[in-house]
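Open the model in your viewer and keep the selection tool at hand. The stops below say what to select and what is there.

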Amino acid sequence: KNSVWGPDSLHRLPVHPLWQSPLTIPGGTRQSPINIQWRDSVYDPFLKPLKISYDPTTCLHIWNNGYSFLVEFDDSADRSIIVGGPLENQYRLKQFHFHWGAINEWGSEHTVDSKFYPAELHLVHWNAVVYPTFEEAVMEGNGLAVIGVFLKLGAHHEGLQMLVDALPAIKHKDAVIEFDVFDPSCLIPSCPDYWTYAGSLTTPPLTESVTWIIKKQPIEVDENQLEAFRMLLFTSDGEEEKRMVDNFRPLQPLMNRTVRSSFQ
Ligand SMILES: Cc1cc(=S)c(O)co1
Ligand SMILES: [Zn+2]
């Protein structure tokens, strides 16, 4: 247990090699990711279906930010939004990205009954009804809503292939290419079932501002598509190459939280 933190020992926090950020943050009570113990999740009949309406032309570009690769969207208006589910307001799509492993045995951030998936998709949305900017929403308890989708090894995924085809062009950190039409709903399973809990960003600043909506059903992708993720680099062009793999944060304590399910 790394309970070795406090004001005088803050500088000695065990750091995750990848992000040079503390594995736990002082006073964190709703950190992510977590293990979702299926039998401990509580069915909530008042949870609404999640309503997803994305406008594919809001897609802007795809780039390598040195942690993951992300596809960013024009969030200057309510054109790509989600509403319903556990959410009080509608939230605007800002970007989506993935977390994955060096091998198929691990890679997801959340686990289900302690099982890892080889990768996990995060679709990041922010509460533009209440907050003026994404940056402010990131600091607030109800600021963000992230849909998590597990990727499992299986059939070729047509929709994902469009992203995979763009990866060689963004191999290095800070590389970016234009990506003008893409509908991310093709990456979201048709089954409406999800778990939801109050959590945090899994990369710095690790703020406790995320309502997580984790889809129960994974999507299937094939080996070549997972391998394509693993050919990306954490490093910039000209630096000694470090393959972009294992960009997931270790599991965090559940503490005083309940995971609710939208299904029985
Ligand atoms: C905003 C944001 C959210 C997540 S989940 C992530 O990994 C990075 O940035
Ligand atoms: Zn993420």
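Start with a hairpin: select strands S8 and S9, which form it with 6 residues between them. In the turn, glycine 85 has a positive phi of about 55°. Keep in mind that this is a predicted model.

Now look at how these strands pair. S8 and S9 are antiparallel and share 2 bridges. Select isoleucine 81, whose bridge partner in S9 is arginine 92.

Next, select the zinc ion (ligand 2). Which residues coordinate the zinc ion? They are His97 and His99, each through NE2, and His122 through ND1, at 2.1 Å. Along the sequence, the spacing of these donor residues is H-x1-H-x22-H. Histidine 99 belongs to strand S9 (residues 91–100) and histidine 122 to strand S11 (residues 119–126), so the pair, 23 residues apart, links distant parts of the chain. Are histidine 99 and histidine 122 buried or exposed? Both are buried.

The largest nonpolar core has 44 residues, and Phe96, Phe98 and Leu163 have the most contacts inside it. Elements that give two or more residues to this core include strand S12 (144–153), helix H2 (158–166) and helix H3 (223–229). Which element gives the largest share of this core? That is S9, with 5 residues.

Select phenylalanine 96 and show its surroundings. Beyond residues up to four places away in sequence, phenylalanine 96 touches, among others, Phe69, Val71, Leu121, Leu163, Phe182 and Pro184. His122, one of the zinc donors, is also touched by phenylalanine 96. Apart from this core lies another, of 21 residues, including Val112, Phe150, Ile214 and Phe263.

For the last stop, select glutamine 31, in the loop between strand S2 (21–22) and strand S3 (35–36). Why does glutamine 31 count as buried? Its relative accessible area is 5%, and buried means under 20%. The side chain of glutamine 31 makes a polar contact of 2.7 Å with the side chain of arginine 249. Leaving aside neighbours within four places in sequence, glutamine 31 is also in contact with residues including Ile25, Tyr197, Glu208 and Arg257.

Definitions and conventions:
Residues are numbered from 1 along each chain as its sequence is written. Chains are lettered from A and ligands numbered from 1 in the order in which they are written. This is a predicted model: local features need pLDDT of at least 70, side-chain atom pairs count only at pLDDT 80 or more; totals for chains, interfaces and linings use all residues. Side-chain values use heavy atoms; hydrogens and water are left out. Donors are N, O and S atoms within 2.8 Å of the metal (3.2 Å for Na, K and Ca); water is not among the atoms, so sites may look incomplete. Helices (H or I, at least four residues) and strands (E, at least two) are DSSP runs, numbered from the N terminus. Buried means under 20% relative accessible area, exposed over 50%, partly exposed in between (1.4 Å probe, protein chains only). A polar contact is a pair of N or O atoms within 3.5 Å; within protein, one must be able to donate a hydrogen and the other to accept it, and residues adjacent in sequence count only if both atoms are side-chain atoms. Contact means heavy atoms within 4.5 Å. A nonpolar core is a set of buried Ala, Val, Leu, Ile, Met, Phe, Trp, Tyr and Cys residues joined through side-chain atoms within 4.5 Å. Two strands pair if DSSP finds at least two bridges between them.
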